[in-house]
Amino acid sequence: MNVRRMIPLFICASVLAATVLLSALSKPAARESAAEAVTRTDNSATADEPPEKVREMRGVWVTYMDLSMENEPNRSEGAFREKFAHIAKVCADSGFNTLIVQVRPFCDALYPSGYFPWSHILSGQQGVSPGYDPLADICDICRAFGLDIHAWVNPYRVSVSQTPRELSDGNPFVTHPEMCIETESGVILDPSSADARELIENGVRELIENYDIDGIQFDDYFYPTDIGELDKEQYEAFLDTSATGKPDWHRWREINVNILIAEVAMLVQNSGKDVVFGISPQGNLANNDALCADVTSWCCAMGYADYVCPQIYFSPDNPKLGFAEALSDWTSLDRARSVKLYAGLAGYKAGTDADEGTWLDREDILKEEYLLLKEKGLDGFMLYSFPSLESEEAGAEIRNLLSVLE
């Protein structure tokens, strides 16, 4: 039984309505009310039914860089299928059950989209079709290897650090610059823009309607930390027209993101498809505040996400923030029963001098972290990212991790 699918529509609608009101109520009070509602609903929905044993999430993130055909001498569909089939086989043979594949990295798409241009990673130039549908191939190959697939979407990001180097004529920043914000680090869709929100949601809808996917995942890119006062005009316009409350600037930004999250969650639930919606925020709980990511609400209240997977990319001995401490911060949050909690593990750091060299002296860090997250009752994990499964320097760590996967 999928508990979330049993939630009456009016509950999700209530969450969304409360968000749209843009109330100036304090956040702790709002969270307490939401948590109480969750408890009542979950208890009534499951009182007479035995719990269903749920398969542990064992996911691998597959980035757009892992899928890139830019530097390949052969960019044919056959070459792409061979490339992805290798990824799928390695993951399946290693005991993983889900691939989280980055299908929309820069307001562009690895599939023929009605809203976004083709990604540059396929043809070498944004907006140019590769001549086939990579996502259809990805879905087909995942099914052949018995793998679930979650379509990984960067909802707001248009460009970062001059990537992509050149935007196509069909890129939203070119066609609708008024619904974008340009900072020193790059360009994003403006989270306060209703038009930008509609564009993102239309993109999610076409993924669900057109492809055999099991989930949609948003990652940790929300408001950039260098936003400064670049949306001051939008905030002041809101204050001038709002009759429902006047939250401070930071809370207003959080609410803008929350509206998108709630609307996407409702879109997914109402799709009629067996698809889940998840978010993968920063693993350092405190860092999410700077990104205006209201993770506490996403965890405690229904109507936001089916799962949350913080990127807890730290060694146990990281002097700034250790894995156990970061994990404890997340498990201490109030969490609705319908919201699964996974942990993102840093396969990419294994065997490197990351975290002030604390990955160099041991070969069982990922194993220890996996056993700890199981002890704490998490629903599974996701590994960042695929290349770590073939990395020589990460080899011992990966072997030790795989040895304890039942």
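The legends below describe close-up views of a predicted model.

**View 1. The largest nonpolar core holds 122 residues.** Six members touch the most other members: Leu67, Phe84, Leu99, Leu207, Ile216 and Phe218. Helix α10, residues 249–269, gives the most to this core, with 9 residues.

**View 2. Leu207 and its contacts.** Leu207 is among the core residues that touch the most other members. Leaving aside residues up to four places away in sequence, Leu207 touches Val103, Arg104, Tyr111, Leu135, Ala151, Val153, Ile213 and Ile216. One of these, Ile216, is likewise among the core residues that touch the most other members.

**View 3. Helices α8 and α10 pack against each other.** Helix α8 spans residues 194–210. The two axes lie 10 Å apart, at an angle of about 25°. Angles under 35 degrees count as roughly parallel, and α8 and α10 are therefore roughly parallel to each other. The crossing of α8 past α10 is right-handed. From α8, Arg197, Ile200, Glu201, Val204, Arg205 and Ile208 take part. They meet Ile259, Leu260, Glu263, Val264, Leu267 and Val268 of α10.

**View 4. The buried residues of helix α15.** Helix α15 runs over residues 365–375. Ile365, Leu366, Glu369, Tyr370 and Leu373 are buried. Their arc around the axis is only 130°, so they sit on the same side of α15. Elements covering these buried residues include strands β1 (57–62), β11 (343–346) and β12 (380–384). Helices α13 (323–331) and α16 (395–403) are also among them. Just after α15, Gly377 adopts a positive phi of about 85°.

Key. Residues numbered from 1 in each chain as written. Predicted model: local features only at pLDDT ≥ 70, side-chain atom pairs only at ≥ 80, totals over all residues. Heavy atoms only, no water. Core = buried A, V, L, I, M, F, W, Y, C linked by side-chain atoms within 4.5 Å. Buried < 20%, exposed > 50% of the residue type's maximum accessible area, 1.4 Å probe, protein only. Helix = DSSP H or I, 4+ residues; strand = E, 2+ residues; numbered from the N terminus. Contact = heavy atoms within 4.5 Å. Arc of directions from axis to C-beta. Axes fitted to C-alpha atoms, helices over the stretch in contact; angles between N-to-C directions. Parallel < 35°, antiparallel > 145°, perpendicular 65-115°, else oblique. Left-handed = near helix turned anticlockwise from the far one by under 90°.
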